[in-house]
Amino acid sequence: MNITVQHLDTTGAIHQRTFRMSRLAFAKHLAIAGQGYAPTPQKIFRTIGMFCHYSYYMQRRAFNNDRFSEPPQGLSDPTEKGQFSTLVGKAIADFLSKRIDHSLFTVNYEAAMRLHGHKLTGNRPDLIAYAPNGVFALEAKGRHQTNPGSMLAHKSQAKSGPINVNFSVACVSYNLFQRVTCNYYDPFNDNVPYDNISLAALSRNYYQGLAEFLDQKTF
């Protein structure tokens, strides 16, 4: 799949870019977005499960034509389609955060709030990402509609929440079932110190996952 991306960078310049994503890469990001990407056996099983569960939406012919497919009419389920669209938004946001802003991994914003001891109240974005150049928030949307909706509202959501970040990104994927298109808007927040404390804590969780591959009961 080729994802057509309109990238608004921190200087306010707009770039038209295209990113190629394989079905295996998509299934991986569908599974790991917001999961911290600790390389555990459970992540492998989760990726396989995602691929199997949503296989109707990832048929090869449609995927190779830059769109997602839909189940046969007899299996049509608007609730599942909405859930899949939401997960697609997070998966593509996770994928592009690594390609554009070089994030190391993402966690759910609520998980980061718990780590910081914040109450789970008020508006907040979907993900928080950790990169060599800073910590940033991600508001991730997946829409089957042919338009991205209000990017101003999405950017406002990206900048909400109690955690200090270096910048905030609104990543909205839309037109999912005709031709996948994405807006990746990158408003910048000045003078926010780099959050080494939570990065260190979450990094420990990342590397602790490696130990599970040494478990002889699993492998």
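Of the 219 residues of the protein chain, 48% are classed as buried, a term denoting under 20% relative accessible area, with over 50% counted as exposed and values in between as partly exposed (1.4 Å probe, protein chains only). The model is predicted: local features require pLDDT of at least 70 and side-chain atom pairs count only at pLDDT 80 or more, whereas totals for chains, interfaces and linings use all residues. Residues are numbered from 1 along each chain as its sequence is written, and side-chain values use heavy atoms, with hydrogens and water left out.

The protein chain contains seven helices and seven strands, defined as DSSP runs (H or I, at least four residues, for helices; E, at least two, for strands) and numbered from the N terminus. Their order along the sequence is β-β-α-α-α-α-β-α-β-β-α-β-β-α.

Strand 7 (residues 181–185) is largely enclosed by the rest of the structure, because five of its five residues are buried. In a regular strand, side chains alternate between the two faces of the sheet. Both faces of strand 7 are covered, with Thr181, Asn183 and Tyr185 buried on one side and Cys182 and Tyr184 buried on the other.

Strand 7 pairs with strand 1 (residues 2–8) in the parallel sense over five bridges, pairing being assigned where DSSP finds at least two bridges between two strands. Within this arrangement, Gln6 stands opposite Asn183. Strand 6 (residues 167–174) runs antiparallel to strand 7 and is joined to it by five bridges; Tyr174 has Thr181 as its bridge partner. Six residues lie between the strands of the hairpin formed by strand 6 and strand 7, where Asn175 adopts a positive phi near 55 degrees.
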